[in-house]
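I opened a new page for this protein. These are my notes on what I looked up, in the order I looked.

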Amino acid sequence: MSSPNESSPENLRNIDNGSERTVESVKNKISSDKNKNESANTMMIKVKSAIPRRRQDLLKWYGWGYKDTMFKFSSESAAFTGNRYSIAGKCLPHLPQWAIDNFGIDPDSPPKIPEAPSSFAESRLPENVKDELEMIAAVSVDGMDRLIRAHGQTLKDIANVRNNNFRRIPDAVIWPDCHEQVEKIVQCASRHNFVIIPFGGGTSVSGAVTCPENEPRPIVALDTSEMNSILWLDKEQLLARVQAGIVGQDLEREMRSRGFTVGHEPDSYEFSTLGGWVATRASGMKKNTYGNIEDLVVQTKVVTPKGVLEKSCRVPRVSCGPEWEHVVMGSEGCFGVVTEVVIKIRPVPAVTRYGSLVFPDWESGFWFEREVARKRLQPSSIRLMDNEQFRFGQALKLENSWGGVLLDGLKRLYITRIKGFDPLKLCVVTLLMEGTEEKVREQERALNGIAARHGGVPAGAGNGETGYTLTFVIAYLRDVAIEFDIVAESFETSVPWDRTLALCRNVKTRVRDECLARSITRFLISCRLTQTYDAGCCIYFYFGFYSGDCENPVETYEQIEEAARDEILACGGSISHHHGVGKLRKKWYAETVSEPGRQLLLAAKNALDPQNIFAVGNMAFDEHNTEHSVKSKL
């Protein structure tokens, strides 16, 4: 890669210590600087992905995560299989009783694991179009390849895939490996009038990649996973240009092997992609240090039916009207395909240290987090769990140990007996601090001091690390829950500080009332405060109920969650903090952005994709009304 700021010979006159420098000396200096710059830059790195093209060879086709990784139950104990996570292969003797107490399940009943489907809807892609696409990139019309890319990870998605109940799946899957191939695919779609749905890691929990069921045109899933190279890495400017299909764990592994980190770590980062983060305006657990995706992105390259959308310069900031980069971020596949992203990187921190704090109740923990945010002392990650989640942590403790977000014996005795904390009220904050040894030590001391003013006490690094890493395990619980007739899901919001406590209280009350109105008595609603800002925070809710006596469990869950979201909006919260809108939350979109905002979205669609090639139907776009063009709505 060439130096980004080379001067022409005509401009090589300079003043140095009061004397003119010769053109030749300056040329030599530039040549030397260029060589240093090139030696600091890494040329293209073709990454070997942890996730194969045939995802079903490694990942579950009917749920979350790896095939060899799952919870297994009996009345005596539970276990988490595989060897990929800290609790893998360990006995979890308290989990079955927790499930019995909260949901009334029979842990000895056989789990309802589905059989892989043997028949699929016939592909509608014309043979001549398939032949043309095969001249560009690899194509598959295999039923399982298509089914896997027909959905994300919402509760409804998983229920449909387990029953092979989708009314529409893609008619083909195509795997481009570079920007130029994507351009050709989009041009082909414009000529032949078929639909493209971009597909990254398949972790969406908004219905964003679900095929519009009434779409009459052929649908092609454009799988970005082969576009996973690091095109260059500039160690001096701390930038990298990366293809958008790279998976989070691959990106971080490659960066760390070279002494750098991206630092973007959403719960889904093992499977989600860089392009998906951009398309949904994602946030990660360490955003306090590294920023959300909008803070990390310097430049994007997007293929739309009207051409390539990309800024002409790679600079830290511009003032030339509205920032079109932010039209791309959060566009949810409606305008085109993100192919390349320039992102910021940082050196791997010298010290990474975990911590945890215990508070007597949720309010005390909340006011601690509020003061930390007000003073801008947030560590990389700081998360407050309510008492229901604390007790769930007890259920995940390992045999003969105090694991999860629990305390060892001495700390437990001190907190519950000497400090007098009620185990049915206390809450836990987990911490992750990164930086120099001095900075981390100072931060830890400051956080402990603030915690003490709010009645909190330190609970150890081990508990903090376990609580942080268990985040990656929680998603597997939804699958085993379904097998025992429990439907469960999470949903999040952002909310101003002054409305947070009321919102959490009111949403929990609303969910309880909705359950009781439907005679649902075995349920759990909990929350955690996961990200903090100057103006507010992100709240994550977890809700599940026993559905053995319920005629339509998924529909019932959706009705209750919809009521909870109405309550969130009434309390001043948002429809989403980082999951996006998709199809699941689109009913609240116009209310959130205003009618002129909705019209701006439709205008952008008309400018970039007037044929509705990217007919995914997210946000304000109607996936069912295909006889009207986008233009006719304006």
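**Overall picture**

I began with the contacts, meaning heavy atoms within 4.5 Å. Of the contacts in the protein with a separation of 6 or more, 75% are made by residues 24 or more positions apart. I noted that this is a predicted model, where local features need pLDDT of at least 70, side-chain atom pairs count only at pLDDT 80 or more, and totals for chains, interfaces and linings use all residues. Residues are numbered from 1 along each chain as its sequence is written, and side-chain values use heavy atoms, with hydrogens and water left out.

Next I looked up burial. Buried means under 20% relative accessible area, exposed over 50%, and partly exposed in between (1.4 Å probe, protein chains only). The protein has 634 residues, and 56% of them count as buried. I then turned to the elements: the protein holds 21 helices and 23 strands. These are DSSP runs numbered from the N terminus, helices being H or I with at least four residues and strands E with at least two.

**A sheet of four strands**

I traced an open sheet in which 4 strands follow the order E6-E7-E9-E8, with mixed pairing. Two strands pair if DSSP finds at least two bridges between them. Which strands are at the edges? They are E6 (138-140) and E8 (195-199), each pairing on one side only. On average, neighbouring strands of this sheet are turned by 25° against each other, direction ignored. For such angles, axes are lines fitted to C-alpha atoms, for helices over the stretch in contact, and angles run from 0 to 180 degrees between N-to-C directions.

E7 (residues 172-175) and E9 (residues 219-223) run parallel and are joined by 3 bridges. Ala172 stands opposite Val220 in E9. Helix H6 (residues 179-192) packs on this sheet and touches E7, E8 and E9. The direction of H6 makes about 150° with that of E8.

I followed the chain on to Ser229, which is in the loop between E9 and strand E10 (230-234). Is Ser229 buried or exposed? Ser229 has a relative accessible area of 3%, so it is buried. Neighbours within four places in sequence aside, Ser229 is in contact with Met44, Ile45, Lys46, Val47, Val242 and Gln243.

**Strand E17 and its partners**

I moved to E17, residues 351-359. Of its 9 residues, 7 are buried. E17 pairs with E19 (residues 427-435) in the antiparallel sense, over 9 bridges. Tyr354 has Leu432 in E19 as its bridge partner. E17 also pairs with E20 (residues 457-458), again antiparallel, over 2 bridges. Here the bridge partner of Leu357 is Pro458 in E20.

**Two helices crossing**

I looked at H5 (residues 155-162) and H17 (residues 471-483). Their axes come within 12 Å and cross at roughly 55°. That makes H5 oblique to H17. Angles under 35 degrees count as roughly parallel, over 145 as roughly antiparallel, 65 to 115 as roughly perpendicular, and the rest as oblique. Leu155, Ile158 and Arg162 of H5 meet Arg478, Asp479, Ile482 and Glu483 of H17 in this contact.

**Strands E21 and E23**

I found E21 (residues 486-496) largely enclosed by the rest of the structure, because 8 of its 11 residues are buried. E21 runs antiparallel to E23, and 11 bridges join them. Phe491 stands opposite Phe541 in E23.

I picked out Phe545 in E23 (residues 536-546). Phe545 is buried, at 0% relative accessibility. Its C-alpha atom is 7.3 Å from that of Ile520, 25 residues apart along the chain. Leaving aside neighbours within four places in sequence, Phe545 touches several residues, among them Phe103, Val487, Phe523 and Tyr557.

**Cysteines**

How many disulfides are there? A search of the whole structure finds 0. A disulfide here is a pair of cysteine sulfur atoms within 2.5 Å. For Cys537, the nearest cysteine sulfur is that of Cys504, 7.0 Å away. Cys537 counts as buried, at 1% relative accessibility. For Cys571, the nearest cysteine sulfur is also that of Cys504, at 9.3 Å. Cys571 counts as buried too, at 11% relative accessibility.
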